[in-house]
Amino acid sequence: MEKKREKKRFSSLALVITAIISVICSVGLIFLAAWLLLGASGLSVLQGIAEIRTHFVGEYDEDAMADAALGAMVDSLGDRWSYYLDPDSYAATLLTRDNTYAGIGVTVTYTEKGLEISEITDGGPAQQAGLEVGETITAADGNDLTGENASKGTDFIRGEAGTDVVLTVVDSHGESRQVTVTRAILKTKTVTYEMLESDIGYIIISNFYTGSAEAAEAAVDDLISQGAESLIFDVRNNPGGYQSELTDLMDYLLPEGPILEKGNRNGPTSTVVSDAECVDVPMAVLVNGNTYSAAELFAAELQEKVGAYIVGSPTSGKGYSQQLFVLIGSRALNLSTRTYYTGSGVSLIGSGVTLDLEIESEGEEDAPLKAAIDLLQEQTETRDS
């Protein structure tokens with residue numbers, strides 16, 4: 001009987017020792033995994049946060065500390081295309097990329113007298129509140145929007161959907177009134193178009209986010225049905241957007257063949273190919289220094305595949321694509337993760353697109369647009385003769 005009791009006590013002790021060893025091993029594995037994933041520097045950041053939370057005697061804002069730390073980390077990468085998004089910026093970015101925004105539904109022109117309304121969205125809050133084209137917004141919630149303050153006007157007018165903004169509005173006769181407008185979620189108009197002289201279709205693409213490809217394709221179809229014999233795409237001030245929107249539009253416009261190559265710093269790794277269906281008319285693309293990313297690649301690929309004229313000023317020279325990583329607390333990191341190339345493997349990094357004609361706008365005259373029209377007219381006349 002004594003031997004049995006001793007054996008039982010030994011077994012219990014063995015279980016305790018085994019449990020302790022298991023815990024130590026688990027903690028060790030977790031630490032090793034954290035070390036491999038974060039490295040010494042990453043662990044020191046976590047330790048710093050823990051020390052502050054445990055020992056700092058003063059008051060502090062944890063959100064502000066997180067924003068500052070994350071922002072500084074991304075800034076240290078030295079990549080102008082990567083950035084940190086705090087919760088407000090992240091929410092605004094999601095709206096932008098969905099081509100929606102929280103506002104009142106007006107397009108304005110900045111003037112010394114304030115924000116002159118040039119267009120009002122049908123059925124939007126501004127129209128419902130009685131605002132009219134030609135009126136000038138001079139203040140929002142008491143904030144003066146005249147003179148140098150006009151450029152800040154949209155910051156005061158936009159806001160959370162469902163909230164009110166009180167606008168001071170002056171009509172063409174100089175009569176002033178106050179109008180309360182309730183903000184709402186509205187769709188951004190990504191594509192506008194018109195028929196120009198010599199049967200040239202003119203299409204402005206403001207970005208390549210949600211819905212832009214479908215809207216651009218519809219514009220091309222409509223212009224072709226109206227008799228357009230050539231097309232001008234205006235991607236000046238276009239910041240780029242989703243790769244899927246870009247490739248959908250290029251597939252629609254361009255003949256069969258590679259239209260985009262993706263890869264890493266060592267070179268291309270995969271290719272996107274267009275089918276045989278295409279739009280067979282002469283084309284030109286307008287660009288400038290604010291033509292970025294997908295917009296640059298769009299211009300370069302049209303030039304490469306169908307000889308489209310590129311007119312304007314040097315573009316940004318962006319050749320990285322970014323991925324949005326959502327963090328705990330409704331924050332996000334937008335990081336450069338891939339490189340991209342034209343269908344023939346040309347990178348735009350540092351060089352931008354190759355201009356056929358470098359020309360700047362002068363005063364109110366849109367010299368690049370006029371030059372593109374002249375080039376297409378010459379091409380059409382040569383082809384017809």
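Predicted model: local features only at pLDDT ≥ 70, side-chain atom pairs only at ≥ 80, totals over all residues.
**Ground rules.** Local features need pLDDT of at least 70 and side-chain atom pairs pLDDT 80 or more, while totals for chains, interfaces and linings use all residues. Residues are numbered from 1 along each chain as its sequence is written, and side-chain values use heavy atoms, with hydrogens and water left out.

**Whole chain.** I looked up 9 helices and 19 strands; these are DSSP runs numbered from the N terminus (helices H or I, at least four residues; strands E, at least two). Of the 385 residues, 37% are buried, meaning under 20% relative accessible area with a 1.4 Å probe and protein chains only; exposed is over 50%, and partly exposed lies in between.

**Helix H6.** I checked the length of H6, residues 212–225. Its 14 residues should span 20 Å at 1.5 Å a residue, and the end C-alpha atoms are 20 Å apart, which agrees. The expected span is 1.5 Å times one less than the number of residues.

Next I listed the buried residues of H6: Ser-212, Ala-213, Ala-216, Ala-219, Val-220 and Leu-223. They fall within an arc of 125° seen down the axis, so they line one face of the helix. The arc is taken from the directions from the helix axis to the C-beta atoms. Glu-214 and Ser-225, on the other side, are exposed.

What do the buried residues of H6 pack against? I found strands E10 (191–196), E11 (200–205) and E12 (230–234), and helix H7 (243–253). Contact here means heavy atoms within 4.5 Å. After H6 comes Gly-227, with a positive phi near 105°.

**Val-45.** This residue is in helix H1 (residues 2–55). Its relative accessibility is 39%, so Val-45 counts as partly exposed.
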